[in-house]
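Welcome! Please take a moment to look over the sequence and the structure shown here, and then let us walk through them together.

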Amino acid sequence: MIAPVSKPLVFWQRHYRHIIYVLVFLCVLLPMFLPVKLRVNVSPPTRNVFNAVDTLAAARHDAITNLEAMIAATTNRTGIARLKERLDRLRMNTNGVLMLSCDFAPDTAPELEPMAVAILRHAFARNVRVLALTPSTVTGVQLAEKIIGVAARQSTNLYSARVDGRDYLFLGFRPNMFQLLMAMGENISHAYVTDNAGRDLATQPFMRGIQNYNDIDLIVSITGYTGVPEMWIQVAHTRNKRPLGFGFTAVGVTDYYPYLHSKQIIGLLAGLRGAAEYEIASGLPDAACGRMFSQFCSHLLVIVLVIVGNIEFIYYRRRTR
Amino acid sequence: MGNPGCFSWAGGKNRGKMVSYWAASATGLMAAGRMKRDDPMNWQSILTWIWANAFDPTKANVLVALVLLGALILYFIHHARRGRQLYVRPIAGLQSVHDAIGRATELGKPILYVSGIGGEGDVATIASMNILGCIAEKVADYDTELRVPCISPIVMTIEQELVKQGYTRAGRPENYREDNIFFVSDDQFAYATAVSAMMIREKPAANFFMGSFAAESLLLAETGSSTGAIQIAGTDQATQIPFFIVACDYTIIGEELYAAGAYLSREPLLLGSLKGQDITKLVIMVAMATGIVLVTVGTVCNADPRWYNWFVTLFAV
Amino acid sequence: MKSGLPRYICGICGVLMLLQFFIPAKFVQETVVEWVANSIMIVGCFGLAIGLASLIHSHGTRIRRKTPGWGFSVVTLATAAIVAFVGLVPRSVTFDQADKGVVAHTVTTRVDRIEYTVFGYQPETSNLVASAATGNMPVQRTSKPLFDWAYNYMLYPLGGTTFALLAFYIMTAAYRAMRVKSWEAGLLLSSALVVLLGQIPVEEFLPWVRIHGISVFERLKELIMNFPNMASQRGILIGVALGALATSVKIIAGIERPYMGGRS
C-alpha cells in the first residue's frame with residue numbers, strides 16, 4: 001500500500017484501533033444515560049414464543065381433552081391405566097407447566113438475562129408453574145437463581161406472591177447435558193433426584209404432576225452455546241414431540257432459522273432485541289428496552305466505520321492507479 | 001444417584017414384573033412393563049407384544065436412510081482399501097500446514113494447537129484430533145515444541161495419547177512431553193483468556209484453531225494476529241467462520257475440517273469415507289431436487305396433493 | 001486383546017445406542033437409556049477429577065521451576081483452593097451485620113436483614129420458602145456466604161468483561177474486513193448493511209422508510225434471513241450432519257479409533 005501523505009491519515013493508520021475502541025466505549029456507555037425510548041416492533045418468531053407462553057393453560061386444556069378422547073377410544077386395559085395415570089398428572093396443573101432452561105453463564109448474561117426475566121414474569125402473570133434448570137453450565141446456577149428470585153419478587157410486587165416449591169422449582173445443574181436430557185425424557189425426578197436447594201424431588205408436591213416431558217406444555221431454552229439447542233431438538237422435539245422455543249445470542253441466532261422454518265421450534269428470540277420485543281409484547285418494558293438506544297448507537301457506529309473504511313479503500317486504490 | 005427403575009428387577013413393588021420377565025424369557029430381553037401377570041401368556045400375545053415393541057414403524061424411513069448412507073460410506077472405504085487412488089481437491093488451508101510448521105521450526109518458536117471448546121463427543125473435536133495426530137507426526141520430525149491447551153479433561157487424555165502416538169510413529173518418542181498437552185479450564189472464556197495470555201507470553205510462530213468454537217473465536221484469532229503468528233483455522237460453526245476469515249491467514253470451512261484428516265494423512269480408509277460422504281451428499285441433492293420439482297409442478301398444475309406429498313412424507317421425522 | 005477389547009466395546013455400545021432409537025419397548029426406553037445416561041454422568045464427574053489433577057500438575061510444575069509468569073500459577077491454585085474450601089465447608093459461622101444490611105421491602109412491609117457468612121452455599125430461592133412458611137415473621141434473613149460473594153463480584157463481572165471485549169474486536173474487524181474489493185464483497189457488504197439497519201429502529205428518525213408501520217430495512221432483513229441465509233445454513237447443516245454420520249460410522253465400525261491414539 002502506498003504511504004499516506006497527510007498527518008491526520010498517518011495518525012489514523014497508526015492509531016485506528018485505539019480510536020475505534022474509544023468510540024465504541026462512548027457509543028455504548030453514553031446512551032445509557034439518555035432517556036431515549038425507541039419503538040421496537042415485535043417480530044413473528046418472538047410473537048410465537050410469547051403466544052405459546054400466554055396460552056399454556058389452553059394448551060393444557062387441549063391436552064386433557066385429547067387424552068380423555070384417547071381413553072374413551074382405547075380398549076387395551078394396560079393402555080387405559082397408563083393413560084389415566086397421565087391424565088391425573090395433567091389435571092394437577094391446569095394452568096400449564098413451563099420448563100425454562102437457563103443455559104447461560106455470566107458472559108452472555110447481559111443479553112440473555114432480560115429474556116429469562118421477561119419470560120418468567122410473563123409465566124408468573126399467567127399462573128403457570130415453572131420448572132427451571134441449568135443443565136449445560138455449572139457457572140449459570142447462581143445466575144439462574146438470581147434471575148428467578150428477581151422475577152419472583154417483581155411478580156410478587158405486581159400480582160401475588162410466587163413461592164419456591166409451589167409456583168416454581170429450580171433444579172440446578174447436573175453434568176453431561178445430553179444424557180441428562182435423555183434421562184429426563186423418562187423421569188425428571190430420577191434424573192435430578194434433588195433440586196438445587198437439596199430437597200428430594202420424589203417427595204416434592206410440585207413434582208407430583210410432573211414426571212417427564214409429556215407433562216410439560218412448553219420448553220424454552222435460553223442459551224448462548226452452540227450445540228445446546230440441537231440437543232434440545234433431538235431429545236425434546238424429535239424423541240418426545242414437545243413444543244420448543246429458544247432464546248439465543250444475536251451472533252449465533254442465524255443458525256436456528258432453519259429449525260424455525262421446518263417447525264421444529266415454535267419461536268426464536270434473537271439477542272437483546274428479542275428480549276426487548278418480548279418485554280414490549282408482555283407490556284412491561286424493562287432492562288432490554290432500556291439498552292436498545294445503546295445498541296442503536298453502536299450499530300450506527302459499525303455502519304459509519306464500514307463506510308469510512310470503504311472510502312479509505314477507494315481513496316488508496318485511486319492513488320495506486 | 002438414585003434410580004429405582006434400574007433396580008426394579010431386584011424386588012420391591014415391581015416384583016410382579018420380575019416374575020413376568022422370567023416367564024417370558026423366550027423373547028429374551030424384551031419382556032418388560034406392558035405384560036402383566038393377568039394377561040394371557042401364550043405365543044400369540046407374546047408375538048403381538050414383540051410386533052408392537054420391537055420396532056417403531058414411524059422411524060422406518062430413518063432406519064432405511066441410515067442403512068443406505070452408512071452402506072455407501074462403508075462401500076467406498078472398502079473400495080479404497082483395495083488400493084484405488086482417490087482424488088481430493090486442493091484445500092489452501094491444509095496445503096499451508098507444512099509451511100506453518102516449517103516457519104515455527106526456523107524461528108525456534110512453539111506451535112500452538114487449539115482444538116476448540118467441544119467435548120469428546122463433538123464430531124468437530126474428533127476431526128480436530130485427526131489433524132492433531134498428523135501435525136504431531138510432522139512436528140516430531142522437526143523437534144518443534146507443540147503446545148495443546150485443552151478445555152476438557154477427557155479430550156486432554158485422548159490428545160495426550162494421540163500426540164504420543166504421533167511422536168512414536170515418527171520414531172521420536174523421547175521428544176514427547178506430556179506437560180505440553182494440558183487442561184486449562186472448562187469455562188469458555190477462562191479458557192480463551194488463558195490461551196490468549198499464552199499467545200502473548202510465549203509468542204508461538206504458528207497457531208492452529210481447529211474444532212468447534214463459539215464466541216471466543218475472534219478473541220483468540222485477533223490476539224494471535226497481533227503477535228504476528230501465521231494462523232490456520234477450521235470450524236464447522238458457520239457463525240464463527242467470518243471471524244476466522246477476517247483474522248486468520250487460512251480458513252477451512254465446514255466439512256473441509258472433516259476432510260482435513262484424510263487430506264493430511266492420505267490414508268486410503270479416510271479418503272474412502274470422504275468419497276462416500278460426497279456420494280451421499282449427491283444422493284441427498286438428487287432427492288431434494290426431485291422433491292422440489294414434484295411439489296412445484298404439482299402445485300402449479302393444481303394436482304391432487306397425494307400425487308406429490310408421498311415423496312415429501314418419505315423424509316418426515 | 002489390548003487393542004481389540006476397546007474396539008469391541010465401542011462397537012457394541014454404539015450399535016446398542018443406535019438401536020434404542022428404533023425400539024419402543026419400555027425396558028429399552030426407560031431402564032436401559034436411564035442406566036446409560038446415569039453411567040455417563042458418573043464417568044463425567046470422574047473426568048472433572050482428572051482435569052483438576054492436570055491443572056494442579058501443570059501449574060505446580062511452573063511454580064517449582066519458577067518459569068516466567070509463575071506468580072499467576074500461584075494465584076490460580078490459591079484461588080481455586082480458597083473458593084472450593086469456602087463452598088464445600090458447611091455453614092457454621094455467621095456474622096450479624098444488622099446495622100449495615102437492612103433493606104426496606106415496601107410491598108409486604110417486611111424488613112430484610114443480610115448476614116454475611118463465611119462458609120457454605122446458600123441457595124437464594126430457599127429464602128422465599130422461609131418467608132412463605134412463616135408469613136408473620138417480620139424479619140427475613142438472607143445470608144450471603146463468601147462463595148456467593150466470589151461468584152457475584154468476581155466471576156460475574158469478569159465473565160461479562162471478557163465477552164464484552166468481543167464488541168471492540170468486532171468493530172475493528174468490521175472496519176478492516178468489509179471492503180468492496182469485488183462484486184461479491186460488495187454484495188456481502190450491502191446485505192450486512194441492510195441487516196444492521198433492520199436491527200435498529202431507523203424509522204424513528206427517518207419516517208419515510210416506513211411501509212405499513214414497519215421499516216423497509218426490517219422487511220428486507222427478514223427477507224435476507226428467511227431466504228439466502230436459511231438456504232446457506234441448511235446447506236452447511238446437511239454437510240456437517242453427513243460428516244458427523246461418516247465419522248460416527250467409522251468410529252462404530254472401528255475404522256477410526258481416536259480413543260486409542262488415532263489410526264486404525
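## Getting started

Two residues are said to be in contact if their C-beta atoms, placed from the backbone, lie within 7 Å. This is a predicted model, in which local features need pLDDT of at least 70, side-chain atom pairs count only at pLDDT 80 or more, and totals for chains, interfaces and linings use all residues. Residues are numbered from 1 along each chain as its sequence is written, while chains are lettered from A and ligands numbered from 1 in the order in which they are written.

## Where chain A meets chain C

How many residues of chain A are in contact with chain C? There are 55 of them, and they touch 51 residues of chain C. On the chain A side, α1 (7-29), α5 (109-125), α6 (141-158), α7 (177-184), α10 (257-261) and α13 (292-320) each supply at least two residues. (Helices, H or I with at least four residues, and strands, E with at least two, are DSSP runs numbered from the N terminus.) The largest share of this side, ten residues, comes from α13(A).

By class, the chain A side divides into 27 nonpolar, 18 polar and ten charged residues. Here Ala, Val, Leu, Ile, Met, Phe, Trp, Tyr, Cys and Pro count as nonpolar, Asp, Glu, Lys and Arg as charged, and the others, Gly among them, as polar.

## A helix pair across the A–C interface

Now look at α13(A) beside α5(C): their axes come within 8 Å and cross at roughly 30°. Axes are lines fitted to C-alpha atoms, for helices over the stretch in contact, and angles run from 0 to 180 degrees between N-to-C directions. The two helices, α13(A) and α5(C), are therefore roughly parallel to each other. Angles under 35 degrees count as roughly parallel, over 145 as roughly antiparallel, 65 to 115 as roughly perpendicular and the rest as oblique.

The crossing of α13(A) and α5(C) is right-handed; a crossing has that name if the near helix is turned clockwise from the far one by less than a right angle, and is left-handed if anticlockwise. From α13(A), Val302(A), Leu305(A), Val306(A) and Gly309(A) meet Met171(C), Ala174(C) and Tyr175(C) of α5(C). Six of these residues are nonpolar, one is polar and none is charged.

## Where chain C meets chain B

Chain C also touches chain B, with 51 residues of chain C in contact with 62 residues of chain B. Which elements of chain C give two or more residues to this side? They are α2 (26-65), α5 (146-177) and α7 (216-252). The largest share, 15 residues, comes from α2(C). The chain C side holds 29 nonpolar, 17 polar and five charged residues.

## A helix pair inside chain B

Within chain B, the axes of helix α11 (residues 256-265) and helix α12 (residues 268-300) come within 8 Å and cross at roughly 140°. These two helices, α11(B) and α12(B), are therefore oblique to each other, and the crossing is left-handed. Ala259(B), Gly261(B), Ala262(B) and Ser265(B) of α11(B) meet Leu270(B), Leu271(B) and Leu274(B) of α12(B). This contact has five nonpolar residues, two polar ones and no charged ones.

## Chain A and its sheet

Chain A contains 13 helices and six strands. Of its 321 residues, 50% are buried, where buried means that 20 or more other C-beta atoms lie within 10 Å of the residue's own, exposed means 12 or fewer, and partly exposed lies in between, with C-beta atoms placed from the backbone. The C-alpha atoms of chain A fill a box of roughly 90 × 40 × 35 Å along the principal axes.

Six strands of chain A form an open, parallel sheet in the order β3-β2-β1-β4-β5-β6. Its edge strands are β3 (168-170) and β6 (267-270), each pairing on one side only, where two strands pair if DSSP finds at least two bridges between them. The twist averages 15° from one strand to the next. Strand β5 (residues 244-248) of chain A pairs with β6(A) in the parallel sense over four bridges, and Phe246(A) has Leu268(A) in β6(A) as its bridge partner.

## A helix over the sheet

Helix α11(A) lies across β5 and β6 of chain A, running at about 115° to β6(A). Helix α2 (residues 44-54) of chain A and helix α11 (residues 271-282) of chain A pack at an angle of about 50°, with their axes 10 Å apart. The helices α2(A) and α11(A) are therefore oblique to each other, and they cross in a right-handed way.
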